[in-house]
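Me: I would like to learn how to read helices, salt bridges and cores in a model like this one. Please take one feature at a time.

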Amino acid sequence: MVVGRHSKKITKMRGIRNNKLIIKEKFYSSIQSLPNELVTEIVARVASASFKNYINAKLSCKAFHEVANEQYVYQNAKLTDIPIEPSWEKQKQEKINKLTSFMELCRECGNTEALYRKGVMDFFKDDMPEHALELLKRAAKGGHIGAFYVIGIITVFMGGEFKRKGITLIGNMKETKQLRKITRECRKKLVEILTQIWVKNPLVLEQRPTRCTIQHQRIRRNGWPRDSDDEDDDMDVHCDACSCEVEIDYIISVLPKVVMY
């Protein structure tokens with residue numbers, strides 16, 4: 001009787017395993033029968049939700065793996081799961097190389113977030129303003145709002161003929177309460193990146209863009225700009241320069257302090 005029950009259990013387990021294999025084969029067969037464009041769209045949707053899910057989908061079946069390297073997929077990949085800079089202590093060199101290669105492919109394919117990140121890094125860390133602006137303009141052209149914001153900040157720091165354009169750009173981004181809310185989100189994202197990288201560009205560390213006189217009065221009266229999503233820091237500004245001044249103060253507040261001799 002014991003042997004009989006054991007045999008029935010083994011038979012049942014084999015039946016379950018066989019059913020799973022049949023379902024898996026039917027799934028793969030149905031995927032293979034789909035048009036290539038639709039399979040690409042599926043993988044792109046997965047990639048736009050999570051990098052981890054994209055990797056899992058890529059490894060799950062041949063059909064997904066074949067389209068996983070399509071330009072459209074890289075263009076829509078979500079990069080939230082990927083660190084701004086890899087941790088050499090926690091990640092092996094092989095993984096770092098794979099992530100670096102993936103980000104390069106995303107940029108080549110026009111992924112706006114990848115272009116944005118590299119633009120921020122190239123300016124604030126690597127002191128390559130021309131290359132940074134080129135990447136950020138590509139991201140902005142693709143609809144990345146944060147890229148517009150960083151372009152404005154960078155051109156203000158660059159000074160000269162660029163400064164006025166930067167002030168105007170930031171001013172235009174803060175014309176209404178709704179736009180100012182969006183701008184605060186752009187600022188928050190930039191600040192998050194700056195706190196994770198080694199800012200070395202002397203252009204932002206060793207000089208302070210000229211203050212607006214009216215903004216001087218506002219800062220002395222109200223203190224350091226507030227950091228709250230619910231507060232409108234531009235309610236009492238009087239011009240684009242004042243509005244831009246609020247943003248510059250926030251950025252400078254998170255930069256490394258440089259001792260001047």
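Reply: Start with a helix and its length. Helices here are DSSP runs of H or I with at least four residues, numbered from the N terminus. The expected span is 1.5 Å times one less than the number of residues. H11 has 18 residues and reaches 26 Å from its first C-alpha to its last, close to the 26 Å expected at 1.5 Å a residue. This is a predicted model: local features need pLDDT of at least 70, side-chain atom pairs count only at pLDDT 80 or more, and totals for chains, interfaces and linings use all residues. Residues are numbered from 1 along each chain as its sequence is written, and side-chain values use heavy atoms, with hydrogens and water left out.

Me: Which residues of H11 are buried, and against what do they pack?

Reply: Buried means under 20% relative accessible area, exposed means over 50%, and partly exposed lies in between, with a 1.4 Å probe and protein chains only. In H11 the buried residues are Arg180, Thr183, Arg184, Cys186, Arg187, Leu190, Val191, Ile193 and Leu194. They pack against H7, H9 and H14, where contact means heavy atoms within 4.5 Å.

Me: How should I read a salt bridge, and how many are there in the whole structure?

Reply: The criterion is a side-chain nitrogen of Lys or Arg within 4 Å of a carboxyl oxygen of Asp or Glu. A search of the whole structure finds 8. One of them joins Glu247 to Arg187, with the closest N and O atoms 3.0 Å apart. Glu247 lies in helix H14 (residues 240-253) and Arg187 in helix H11 (residues 177-194), so this pair ties together parts that are 60 residues apart in sequence. Glu247 is buried at 0% relative accessible area, and Arg187 is buried at 4%.

Me: What does a salt bridge within one helix look like?

Reply: The general idea is that an α-helix has 3.6 residues a turn, so residues three or four places apart point the same way. In helix H2 (residues 36-49), Arg45 and Glu41 are 4 residues apart, about one helical turn. Their side chains meet in a salt bridge of 2.8 Å, N to O. Arg45 is exposed, with a relative accessible area of 57%, whereas Glu41 is partly exposed at 23%.

Me: How do I read a nonpolar core, and which residues touch the most other members of the largest one?

Reply: In soluble globular proteins, nonpolar side chains tend to be buried together. A nonpolar core is a set of buried Ala, Val, Leu, Ile, Met, Phe, Trp, Tyr and Cys residues joined through side-chain atoms within 4.5 Å. The largest here has 37 residues, of which Tyr116, Phe124, Tyr149, Val150, Leu190, Leu194 and Ile251 touch the most other members. H7, helix H8 (129-141), H9, helix H10 (160-172), H11, H12 and H14 each supply at least two of its residues. H9 gives the most, with 8 residues. A second, separate core of 23 residues includes Phe51, Val67, Leu99 and Cys109.

Me: What does Tyr116 touch, beyond residues up to four places away in sequence?

Reply: Its contacts include Leu136, Ala139, His144, Val150, Cys186, Lys189, Leu190 and Ile193.

Me: Where does Asn201 lie, and what is it in contact with?

Reply: Asn201 lies in the loop between H11 and helix H12 (202-205). Asn201 counts as buried, at 0% relative accessibility. Leaving aside neighbours within four places in sequence, Asn201 is in contact with Phe123, Phe124, Lys125 and Asp127.

Me: Which residues form the nonpolar patch on the surface?

Reply: A patch is made of residues with over 30% relative accessible area and no salt bridge; like charges are joined within 9 Å, and nonpolar side chains (Val, Leu, Ile, Met, Phe, Trp, Tyr) within 5 Å. Ile145, Phe148, Leu179 and Ile182 form the nonpolar patch, with about 290 Å² of accessible area together. Such areas come from the Shrake-Rupley method with a 1.4 Å probe, and for residues only the protein chains shown count as cover. Helix H9 (145-158) and H11 each supply at least two residues of the patch. Leu179 lies in helix H11 and is partly exposed at 31% relative accessibility.
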